[in-house]
Amino acid sequence: MGLVDGRVRGVALAEAYPEWLRAVAAFSPAVRPGDAVFTGVDRLRGTPVGLWCGRQDNFLKDVRALARALPEPPVRAAWADGRHNFAYWGTVIPDAFALLGAALTPPRKA
């Protein structure tokens, strides 16, 4: 599982070791088209990715571009009012933890 604050460590780690992480939750990742995260995006195939970014965050356009560049649609993609700070990130932590927790929980047997 990967959890990041405003940096791309979790996304980059998931690309470098796709078999190691079960899911990625990225809050306002500081990405730009053409950087390593975009060029390695195909390695995220099969990895559930959640992206959250505030509408007033300068990275919003690029985070949305990352969502479109993923080999599969993100399992969560949310754009709500907020900036690139913990006041916004704190509002999305419950959803991100739910995503990561679901990836760690084995499916129930019928």
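Helices (H or I, at least four residues) and strands (E, at least two) are DSSP runs, numbered from the N terminus. Valine 63 is in contact (heavy atoms within 4.5 Å) with Ser28, Pro29, Val31, Leu51, Cys53 and Trp79, when residues up to four places away in sequence are not counted.

The model is predicted, with local features needing pLDDT of at least 70 and side-chain atom pairs counting only at pLDDT 80 or more, while totals for chains, interfaces and linings use all residues. Residues are numbered from 1 along each chain as its sequence is written, and side-chain values use heavy atoms, with hydrogens and water left out.

Strand β3 (residues 49-54) pairs with β4 in the parallel sense over five bridges, where pairing requires that DSSP finds at least two bridges between two strands. Within this pairing, leucine 51 stands opposite alanine 77 in β4. The chain passes from β3 through helix α3 (residues 60-69) to β4 in a right-handed β-α-β crossover; right-handed here denotes that, with the strands pointing away from the viewer, the path from the first strand over the helix to the second runs clockwise.

Alanine 80 is placed in strand β4 and, because its relative accessibility is 32%, counts as partly exposed, the classes being buried under 20% relative accessible area, exposed over 50% and partly exposed in between (1.4 Å probe, protein chains only). Although alanine 80 and cysteine 53 are 27 residues apart in sequence, their C-alpha atoms are 6.9 Å apart in space. Beyond residues up to four places away in sequence, alanine 80 touches Cys53, Gly54, Arg55 and Tyr88.

Glycine 82 is found in the loop between β4 (76-80) and α4 (86-104), and it counts as buried because its relative accessibility is 14%. Leaving aside neighbours within four places in sequence, glycine 82 is in contact with Gly54, Arg55, Gln56, Asp57 and Tyr88.
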